[in-house]
Structures are given as C-alpha cells and as structure tokens.
Amino acid sequence: MRFRMLGPLRVFTDKIWSPVPAAQQRVVLAVLLIEAGRVVTSDRLIHEIWGDSRPRAANAVIRGYVMRLRRRLGPQGDRALVTRDTGWELIVDRDDVDTGSFDDSVAAGRRALARGDLAGAEDLLSQALGHWRGSALEDVPRAPTVVAFASLLEQVRLMVAEERIGVRLALGRHTDVLGELQQLLKDHPLNERLWADLMVALCRAGRRAEALTAFQRARQALITELDLEPGERLVDLRQAILSNRPLS
C-alpha cells in the first residue's frame, strides 16, 4: 500500500494506482496522510470538510467515509487505518508516501553538494523533482490543512528546482536551464533568484543582450507588482554584464 501526494492523490493497491472517487473522502485521506502517525479527531475532519456549516449527521458521515477508505486500502486497510478513542490514525511507512521519497532524495542531493559532488547532486535533485506529477494534492478540495500543506510542498519544490539550476550552472550547463527558468518565471515573476540565474545563463551562453533584457523585465515586474527596484544581486549582475566583467 503506497500513496502519492505530489500531484493528484493516488493509492496503490492490487498492483495499480487508483484515485479516490469521492471528493470529501479525498479530504479525509489527505488529512490522515498529512497527520500520519497522529490521531485525527472526528471534529477535526468535520471542520476540514464543512467548516462551521456541519450537517446534522456529520459524525456518522465521517465514520462512513473512513469505512469506505478502509475498503479502498484493501486487505491492509484495517491495520493501516486504526480507530482510536477520539478519532483515527493512519499508520504508514515513510517510504510508502512519495513525499518521504522526495525528502530523502533532496537530503541526499544536498549532502552530495556539500561534499562538492556536483554531478551526484544534480542527479539526486533530479530524482527528487521526478516524484512530482503535477501540483501537490491537486485533485483534493481546498480544506484548510490541505491548502497549508500543499503550499509548503510547493515552496520546497521551488527551492529544490532553484538548487538544481544552481548546480547545473556550476556544471557549465547554461543552455540546459534556460527553458526551465523561463517556465518557472511565468509562475514566479517576482522571484529575483530566478531572474539572476536567467541573466547568468543567457550571458554565459553568449546572449548578452537578452541577459540585459531579462534585467529590464525583472525590474518592470518588481516595480509594477511591488513598487520596488531590483535587489543588489540583479543590479550587480547588470553592471558586470555592461562592464564585460566575469559573472559571480
């Protein structure tokens, strides 16, 4: 029994990955996975699904959702989804959830980077990002815990993507990162680190004029959205490009 959260919520049973058809059951499973190893109360699940507008038979409905989830989990369902005095606990190994595998690959990649193994770091960070199949928990209704956890996962995903880009630039793979940087900037147009990496990649690829244009695009986005001028890193890169100085 395995689970995927880095994209649509999926459960692996009977040799196939399958969705949880009912939206509210997806909320229940997602919260149980987020809180794996801890008891989640019935009141907590009711609030996640209905907020302050709980139906009259909410507790019975939640018990029905849990019962159907146990069936979906197959023969291991009774052992994995355990009833406690105040609610339910999902017992699952770290390696059986893609978030755990993602975290482990990221940690290994950072260790490789710390010891100067750029190629190893690039491979491990790529393995980590390869666990993603879309936006985190993208088919789960936006319950409070789901929103907060998915947002955190997306922040970590962006950080790891930035780290891998930095490694690839250090390996001299300037043209390899251009497409990824441009795509990331569509979603994160105010991220100055991404703009700086794009300027570096373009300049080192011999596209100096485009690197200066990237600075202007970054400046326009920052002024328009935040009423701020670019930070020191972007300004220094622009000056280095204009002066034909090596980029740091």
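**Exercise 1. Describe how helices H6 and H7 pack against each other.**

Step 1. Leu 118, Ala 121, Glu 122, Leu 125, Ser 126 and Leu 129 of H6 are in contact with Arg 157, Val 160, Ala 161, Glu 163, Arg 164, Val 167, Arg 168 and Ala 170 of H7. Contact means heavy atoms within 4.5 Å, and helices are DSSP runs (H or I, at least four residues) numbered from the N terminus. The model is predicted: local features need pLDDT of at least 70 and side-chain atom pairs pLDDT 80 or more, whereas totals for chains, interfaces and linings use all residues. Residues are numbered from 1 along each chain as its sequence is written, and side-chain values use heavy atoms, without hydrogens and water.

Step 2. Ala, Val, Leu, Ile, Met, Phe, Trp, Tyr, Cys and Pro count as nonpolar, Asp, Glu, Lys and Arg as charged, and the others, Gly among them, as polar.

Step 3. The axes of H6 (residues 118-129) and H7 come within 9 Å and cross at roughly 150 degrees. Axes are lines fitted to C-alpha atoms, for helices over the stretch in contact, and angles between N-to-C directions run from 0 to 180 degrees. H6 is therefore roughly antiparallel to H7 (under 35 degrees is roughly parallel, over 145 roughly antiparallel, 65 to 115 roughly perpendicular, the rest oblique).

**Exercise 2. Determine the orientation of H1 relative to H2.**

Step 1. H1 and H2 (residues 42-50) pack at about 130 degrees, and their axes are 10 Å apart. The two helices are therefore oblique to each other.

Step 2. Gln 24, Val 27, Val 28 and Val 31 in H1 meet Arg 44, Leu 45, Glu 48, Ile 49 and Trp 50 in H2. The classes in this contact are 6 nonpolar, 1 polar and 2 charged residues.

**Exercise 3. Characterise the second largest pocket and its lining.**

Step 1. The volume of this pocket is about 230 Å³. A pocket is an open set of points on a 1 Å grid over the protein atoms alone where a 1.4 Å probe fits, with protein on both sides within 12 Å along at least five of seven lines; lining residues have an atom within 4 Å of a point. Grid points are joined across faces, edges and corners, and a volume is the space filled by probe spheres set on the points.

Step 2. H7 gives the most to this lining, with 5 residues. Among the lining residues are Trp 132, Arg 157, Glu 180 and His 188.

Step 3. The lining divides into 5 nonpolar, 1 polar and 5 charged residues.
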